[in-house]
Structure formats: C-alpha cells, structure tokens
Amino acid sequence: MSTRLLLLLWLALVACSSGQRGPSVTTEGATLAITNVRVFDGERVVPRATVLVGSATILAAGPDVQVPAGIEVVDGANRTLLPGLIDAHAHVFDAGQLEDSLAFGVTTVLDMFSMPSAVFPLRDKPAPGRADVRSAGILATAPRGHGTEYGMEIPTLTTPGEAQPFADARFAEGSDYLKIVFDGGGAYGLKTPTIDVPTLNALIAAAHARNKMAVVHIGTYAEAMAAFDGGADGVVHLFRDRAPDPTFGTQVAAKHGFVTPTLTVLRTLQGVGSKIGTDPALGPYLSGAAKTNLAATFPIRATAAPGAAERAIALLRDARVPILVGTDAPNPGTTYGASVHEELELLVAAGLPATTALAGATSLAARQFALPDRGRIAPAQRADLVLVEGDPTTRITDTRRIVAIWHAGAKFDRVAYQARATKPVAKPNASGVVSDFEDGSLTPRFGPDWMVSTDSLVNGTSTAKLEVLKAPRKALSITGTVVAHQPASWAGALYSPGPSPFSPIDLSGKRLRFAAKGDGKTYVVMVFAQSHGRAPLVKSFTPGTELTEHAFAWAEFDGIDGKDINAILIGAVAPGPFSLVIDDVKLD
C-alpha cells in the first residue's frame, strides 16, 4: 500500500473519530461567557474553564473556549460553576415553592406527591423565575395509609389485582413516575396501614409495564430490602431502625437501584431542628415562615439505631450506588431550596466525597429520572447554572455562597426575590368580621376557606365535619369524634387569616371573638404563631346550650402579641363524639 494511500486512510480515521466527540463547538448565538472559572460539570472538576451560554443552552465549555466580542462576560476567578441543583424529593403545591427553590440554585424539583390539579399545570407551563418540576402526582398507598392523612381525598388500593389499573390511572393523569408507600409506621412507633408485599411487587411491575419508574417510600431496613427485591428503581428515604447488613450496598447495586436518603427529615424525626436559618449565606434570603419551619421538628420520634444511616451510606458509597439529594420539603426541619444545601452537608458528614454528593444533586439525579437535557455542564445541555464563591468540591458548604443563578439561560433576580421573601407579614382587612355564614358557605371575608383539621396529620383517627346550618340561624356546625391518640388528639375547624394557608399575618391590637353553643363538653381554641413553630398555643372554653359570645386576647395564649398569627383552630380534644356550633367570628 502506498504511503499516499496510508496517509489518506489515516486522515479519514481521524476525521471519523473527531466526528464522534459530540456537538461541535460554536460561538454563534452566544450571549454570556463565564470565564476563568472552576467547573464541576456534574461528574468531574475542571480547574479552569470558560463556559459559553446561548439563549437557553450551553454552547461550549472547556479550558480553550474563545469568547466572542460583544457578549456579557462574568469573571469566575476564585469561583465554581455548578449545574443547576436538583431536589430529588419534595412536595410542590404552588408556584411560590418553585420560586423559593430557584432562589437557592435548585433549578429542578422532583415532586413525590401532590394533587394533579396543583402540580401538573406548573410542570406543563414552565415560567421564568421558578424551578422546573416533575411529579409522581398521587401516590400509591393503602386505605388510611401514609399519604391519606392530609385531608385530601385520594384513591387507594389493597390487592395486586388493582395495581395495573391504579398505575394506569396515574399515568393517564400525567404522573411522570409512580411513588409507592410501603411503610407500616414501625420506624416511628406507629401501626400504619400499608400495602402488602404482593401488592408492592405488582405496583412496581405495573409501572415498568408502562416504561415508567417506580420509587418506594420506606421507613425500615426490611421495607427497603423488600422494595429492591421487588424491582424498585429506588427508595426515597433511608432507614434508621437498625444497622444494615454488610452486603446492603452490593445488594442494592446488583438491583441497579438508587437511594434518596433525606437525612434532613430523618434528623428532625429525632427531635433536632435545622440551624441553617442563621447561616449568613442563606438566612438573609429566607422568609420568617421558612426559618420557623426549619427550626421545627416532628411531634413523633423515630426509633433510631445509632449510626445506622451513616453506615448504610458508607456501604452504598463503596458499592457505587447512586445517592441522590432530596429534602422532603416542606416537612418540619426543611424548606424549599435552602435545605438542599444542608442535605449536601449532611451527606458529606456521613462519608460521601463532596464531588459525589454534588453529583447526587446534578448528573446522577438527572440520569436516574431520565432528564437527559440537564445535570451537566456540557454543550447542548440546558443552561441551568449556579455560580458560587469558593470551592464546594473541597468544602461543601460553599454551595451556599451563591453569586448568580441562571435558569434556561435567564439570570434569576435574587435581589428582587429577597425583597419579596423578607417583607413584613400581611395586615388583615379593615373589617373585623371573619365569618357570619350568612351566605351559606365556608368562605370568610378574608383568608382561605375554613377547613377540617384532625390528628390524622400524626396518624390519629379522629374525624370532623363542617356544615353551615340554615336554621334556626345560619352558623357553622362542627361535629365529629375524637379518638385518643399519642402524641396528640384533636378535631375541629381551622381558619388561616393570612392570604394563604398558614402564611403569617399581623393581628396585634386585635382579639378573637365568636359565639358558640355546645353539648356540655369543654372545647379549645388553638392558635398557631410563627414565632412558636408548629406547636399550638391552647385555651379552653365551655360553651352553653345557647349561642353566647366568647372572647380571647392574644396574651392569653402564652403571652404572644399577635404579630405573626398563622392559623386558628376551634374544636375538641376530649375523646368521644362532639357537637359544636359557632357563629359571628371576628378579629377586631
């Protein structure tokens, strides 16, 4: 073979191999260059690089990228550029929660249970200034199982034969993946109804039959292993009831599973709240309500074997099992966006290298949930980017030192967000009348509708019903049955005077008044104030058999001043059936 022919063949091979490297580098359409920056691209660290961004995607990234003239340039010296963070476990109910997430660099949220009417429109109509969302929609659970305690009517199932129709109904609604609850409450000292193993396995198979993922909420080690044995793609929570077997990591790896530990929530189940509300890098951007929720803990306590979660994470790490970053916001001890940074810190403290933890919040989450357009800093990827001071690949808390956030190439205005998030609590209408029920509805003059509240939030079984009576006068009837339960029992009518449920409102200088008649039993008024977390302040009263006015000053509730009222509950705590009527509710 001639030298000329060999040369031509060699050039052809070079051309072919070069063509296999992916999209060619182009500067056409570039609008932004981030230069001289350390890059964590989702998998590895590039010590010094330039990243070019177009209208919504990354055009080029690397140490030799040239910056075209006339575009915006951001100097990344002594800074690190990260892919937009992914919260792999949260619950989304409104657009504000996605805005909160984006304000802390979380550009995608994976919702693990919400009402389709609330979350799917947010997914299907993404908007500037808020994170993207994918959602499980309604979870799969047993009657009275976990997920049914929030006052929302949801379908449930009990047998394997119901699994495929149940899963198909969820996917027809629009669910991106199937969330399954397999949790009997044993980790929390409870006995909660849950599906059996055959139904668990049938649900996993039903999701896979439709080419969808099946992720399983668990509470104990045995439940986690049953989920993986049944073919689950991942478990969303980690156990603390016992130390894992030495083969735990290799068994999960053999099943090609992933784990989202949610260490932030496991900690609050031990009675330890978060302190990130005081972090100077995060605190100035957190609302008062967010700080209060961060400091809160669950009223129940999980049974914990010391070091169980940390040992499990070490075994998963050594077996190279994908460990994702999820917060379970808005549970006590968490908040949207900011808690991702704490989860990263907790994972590193549990033994993950910083780069592995960061991968769990970027490329690994994107890969596990089939989001191929994000999680990496590479050409053709979405321009979801977070620029931070310092080097979080060696000091994980540097993720909190945010300089700038870009979502699909658009820069997020953190200054404007901060002004909104930290504005003073709202004031009520000038009129002190809340409800006289004359229109026959549960809609007050200000604030959201009256709603039922019971101890189902802590797995109790008390019940309540609200009905507007028409005779002898229009008034609110509150009936039901309180069933004794630990740690608390209650049932009644809940009213949130702020613009949205449990948003704080300044009612200082006012008092609560209402008329009431009862059945001879003693009832309570519970007041929730932002400065007191989720624990209610309680005052008893005993109404007569005719409507009589009762009045309460805020100072009667542990001396509060009424400047940050979240909600008011009027109802029963004594076991047994009850019947209470209230009318002419006022805050004046």
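**A walk through the strands, cores and salt bridges**

Let's start at one pair of residues: Val235 sits across from Val259, which belongs to strand 12. Keep in mind that this is a predicted model.

Step back and you'll see an open sheet of four strands, in the order 9-10-11-12, with parallel pairing. Strand 9 (178-181) and strand 12 (258-260) are at the edges with a single partner strand each, so one side of each has no neighbour in the sheet. On average, neighbouring strands here are turned by 25° against each other, ignoring direction. Helix 6 (residues 221-229) packs on this sheet and touches strand 10 (214-217), strand 11 and strand 12. The direction of helix 6 makes about 150° with that of strand 11.

Now for the greasy parts. The largest nonpolar core has 111 residues, and Ile180, Leu203, Val216, Phe248 and Phe369 have the most contacts inside it. Take Phe369: leaving out residues up to four places away in sequence, Phe369 touches Leu110, Met112, Tyr177, Met213, Val215, Phe258 and Leu324. Another core, of 37 residues, lies apart from that one, and its members include Leu507, Tyr523, Val525 and Ile565.

Next, look at strand 13 (residues 385-389), where four of the five residues are buried. Strand 13 runs antiparallel to strand 5 (residues 79-83), with five bridges joining the two; Arg79, for one, is partnered with Glu389. Strand 13 is also joined to strand 14 (residues 402-407), again antiparallel, by four bridges. Here Val388 has Ile402 as its bridge partner.

That leaves the charges, with 29 salt bridges found in the whole structure. In one of them, Glu43 meets Arg367, with the closest N and O atoms 2.7 Å apart. Glu43 lies in the loop between strand 1 (32-40) and strand 2 (45-53), while Arg367 is in helix 13 (residues 363-368), so the pair ties together parts 324 residues apart in sequence. Glu43 is partly exposed, at 44% relative accessibility, and Arg367 is partly exposed at 49%. Both belong to a salt-bridge network that links Asp41, Glu43, Arg44, Arg367 and Arg376.

Compare Asp279 and Arg400, whose closest N and O atoms are 2.6 Å apart in their salt bridge. Asp279 is in the loop between helix 8 (263-268) and helix 9 (288-295), and Arg400 is in the loop between strand 13 and strand 14, 121 residues apart. Both of these residues are buried.

Definitions and conventions: Residues numbered from 1 in each chain as written. Predicted model: local features only at pLDDT ≥ 70, side-chain atom pairs only at ≥ 80, totals over all residues. Heavy atoms only, no water. Pairing = 2+ DSSP bridges. Axes fitted to C-alpha atoms, helices over the stretch in contact; angles between N-to-C directions. Contact = heavy atoms within 4.5 Å. Core = buried A, V, L, I, M, F, W, Y, C linked by side-chain atoms within 4.5 Å. Buried < 20%, exposed > 50% of the residue type's maximum accessible area, 1.4 Å probe, protein only. Salt bridge = Lys/Arg side-chain N within 4 Å of Asp/Glu carboxyl O.
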